[in-house]
Amino acid sequence: MTSPAETATRKTLRVVDDRFGSANFLRRNLNKVFPDHWSFMLGEIALYSFVILLLTGTYLSLFFRASSQEVFYNGSYAPLRGLKMSEAYASTLHISFDVRAGLIIRQIHHWAALIFVSAIFVHLMRVYFTGAYRKPREINWLIGVGLLTLAILEGFAGYSLPDDLLSGTGIRIAYSVLESIPLVGTWLAFFVFGGAFPGQDFIPRLYIAHILLVPGLLLALITAHMMILWHQKHTDFAGPDKTEHNVIGSTIWPGFAWKTQGFLFLVFGVSALLGGFAQINPIWLYGPYNPAVVSAGSQPDWYIGFLEGSLRLMPNIEWNLFGHTIDLNVLFPGIILPGIMFTLLGLIPWLERWKTKDHAYHNVLDRPRNKANRTAAGVLAIVFYLVLLVGGGNDVLAKTFDWSLQGTTWALRVLIIVLPLLSFYVTKRICLGLQHSDADLLHHGIESGIIVRLPSGAFIEPTKPLPAHRRPLLESGPAGHAEPAIPYGHAAPNGHAQPAVGTGAQADPADGGALSAAGRAIKDFFTEPASGPESPEDPGQP
Amino acid sequence: MTDEQPPPVRRPGPLRRIGRRAEPAAPMPAPNRAAEAQTPDPLAHVTVYSRTDDDPIEAKRGERIVAALFLLSAIGSLGFCAIWFFTSVSGANLAHLRRVNFLMGAALGAALCGTGAAFIVWAKRLMPHVKYVQEREPMHSTPEDELAAEKVVLDGATSMGIARRPLVLRSAGLALGVLGLPAIVALRDMGPALKDTLRTTAWTAGDRMVDINTGRPIMLGDLEMGGYVTVMPEGSTDTNANALTPTLLIRLRPGENRPLPGRESWAAADHVAYSKICTHAGCPIGLYEEQTHHMLCPCHQSTFLATEGAKVIFGPAARSLPQLPIMLDAAGYFRAQSPFHEPCGPSFWERG
């Protein structure tokens, strides 16, 4: 007995297969196993916010006019009526006030852009700290760094298009940064802007870059990124039965597909809620751009903040060599420093190989603590970046806390050197400490908190053996081969026997606690519970 | 239910019991069972790793939750349309606009989050929790395949004669090398030649200074002591066309101005004029502190001292703001004595 739906499905599959020979392909790929871990969805957030950006951006492009032509505003926003402004700004006001769903779509678009760049950042950190960029995935890392760079450019281009006072100031700074490039900079600035700042050509050119060139590149690179990921299979953390040569998880069809498409809608839904409830970039409050006007406390979108900070913290060095000006105070923070940062970021897989001489394949992820130097270097980079980001708001900081602006700037100039180095050291010590506690846990079991007096009069603290399903993760690190595992119940190094604690008498300190239970509940909403076949038949803690 | 297991109990997280499936997986019905029995196992290359039982009561509850979420989503979508139809957006009323935006956000959020959550709950609660294990094939090919591929590439190259025909290779290199030039040459027209655009402003000798906002000429007495105004040359007040021209006219208190050597005659009646465009990254100098005479650029906090030729006293700017020599005409209006003596705005390679 076959249902009509089944017949229809079979028929469709046959029709496709007759033309493309797709049955084998379909079978293999629908049965592909994808590992479950919440951190593997960070990249998905980036992907889905890109989809949202394409959809909402297309809607906005129906109404936006990328033109610097000056018009007198006569739309429905009264405070600006009669003012001279560019058509770009006027049409953005039109979208916000006279297109019925315009404001919310504009705000969703802007929020999704912030989510897009943020998700890429967090995804990149996940990949870095777990060592997922190692062979064979170096090229995909490089593509990812390219995607991050393009995403930042795309975001900057997007929020600059309305030609309001805030974003116009950003474009002015970008022009100066272009001008600072030795030899070709001035020509470059003239070519990009069609002459001296601001000119009539830049907004239309920026628009084409924002809606065609950069998104096209993003789309191509995202496709490559995904195809490579698909082909190479996903990495996974160490766990019961997991090896370098297998993947354990759910199949694409139906579990993963259903969950991931649900996730797409959730990301879209959260963007919509933000667009509805959280105002963003209220350009009507800034007014149209005017090269002679600026407002205090001008802040770019967060992902440009580090450049703003580097420009603010840079000491005022300018050279005059052989009749030419090299304004290092703009060139270094605006071009050289970000150039170094992104080059180093892209080269990480090769730098690590050069240092470790590790040419092996790696499909099992590292725990950050087990690679103390890598983790410490990553924290160093993050802290450096954060000091730059904070530097981008030194005026806000000084005003909020009533500090001296000069003092704040000087403090940050010192901190940008000291704090990263300090954080490297501290992180490394923390990692090594965690490695020690892992080794302790693995070889001596879990502390029970009970002191037992033996008949001989000696006091010992008995330990509870580590549950079997927790061992593989710990064994994957240096603790796994630091010293031979002491079988449970045998003599401890101190010569005392280690009696077992009654099961259920004590909550496992590493498993218990309301907070970690809540964390598990959130994690388990998206992924399969982290259990293996060896999970003990535990009656459950009350 | 042939197994003798007790009814499965749902527990949170890793404690959930992993066991054998309680009932055989629903066999895929086929039009032709005999034929299907001979087809290879659809899960041939993956193995079931673990599987949790599903509680039929829980499943029933899950079903209701999924349906409720889908319903919520549908209500959200229809609600959005209703809001769109029954409200008129008018920027004249910001509070109304905000309310509409809130409602639209809530409706759209419910529509999207409802569907999203429904799909996830569907997968989590109604589908069997099966874990599969799949072998990873090595990323590299077999040595035979590698050798074969290398041979194909090299044989092809040999038949092209790349190594044997240097003339062809070099001429091809030449042709491909210059092929990009037309594109670069064609792009040349994106912008004009430099000329003196960056070195000059709209100021010429004798220009009257007018208020940038009102266009009114500035007279002696218009500014109070410690006051300042942004000025443009009369007749060239379009800041988009003259972005480097905006100038600050500041009235210092008598005796406060300490002119640089050679600039003793550049002030007029305790008034001094400096370019408003920061020498660092080109933002306008937005703040003037009357008491300290600090001129501050709000973009990167470069600070200039108005009483001493606008020299840099803090921040990333390296050069003083260019000073405009000014004078008072017979009628008491401020005028430029001459154009700026150096380029205004940020540095550039050719500035020298």
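Author: Let's start with a rule: a salt bridge is a side-chain nitrogen of Lys or Arg within 4 Å of a carboxyl oxygen of Asp or Glu. Keep in mind that this is a predicted model.

Reader: What makes A:R134 and A:D366 a salt bridge?
Author: Their closest N and O atoms are 3.0 Å apart, and the rule asks for within 4 Å, so the pair qualifies. A:R134 sits in the loop between α5 (102-129) and α6 (138-160) of chain A, and A:D366 in the loop between α13 (328-356) and α14 (372-391) of chain A, so the pair ties together parts that are 232 residues apart in sequence. Both A:R134 and A:D366 are buried. Shared partners also link A:R134, A:E352, A:D366, A:K371 and A:R374 into one network of salt bridges.

Reader: Why is A:E6 called buried?
Author: A:E6 has 17% relative accessibility, so A:E6 counts as buried, since the limit is under 20%. A:R10, at 22%, counts as partly exposed.

Reader: What about A:E70 and A:K84: how do you know that they form a salt bridge?
Author: Their closest N and O atoms are 3.4 Å apart. That is within 4 Å, so the pair passes. A:E70 lies in strand β2 (residues 70-72) of chain A and A:K84 in strand β3 (residues 84-86) of chain A, so this pair ties together parts that are 14 residues apart in sequence. With 32% relative accessibility, A:E70 counts as partly exposed, and A:K84, at 44%, also counts as partly exposed.

Reader: Over to chain B. How do you know that the span of helix α5 (residues 166-179) agrees with what it should be?
Author: At 1.5 Å a residue, its 14 residues should span 20 Å, and the end C-alpha atoms are 20 Å apart, which agrees.

Reader: Why do you say that α5(B) lies largely in the open?
Author: Of its 14 residues, the number buried is zero, so α5(B) lies largely in the open.

Technical notes: Residues are numbered from 1 along each chain as its sequence is written. Chains are lettered from A and ligands numbered from 1 in the order in which they are written. This is a predicted model: local features need pLDDT of at least 70, side-chain atom pairs count only at pLDDT 80 or more; totals for chains, interfaces and linings use all residues. Side-chain values use heavy atoms; hydrogens and water are left out. Helices (H or I, at least four residues) and strands (E, at least two) are DSSP runs, numbered from the N terminus. The expected span of a helix is 1.5 Å times one less than its number of residues. Buried means under 20% relative accessible area, exposed over 50%, partly exposed in between (1.4 Å probe, protein chains only).
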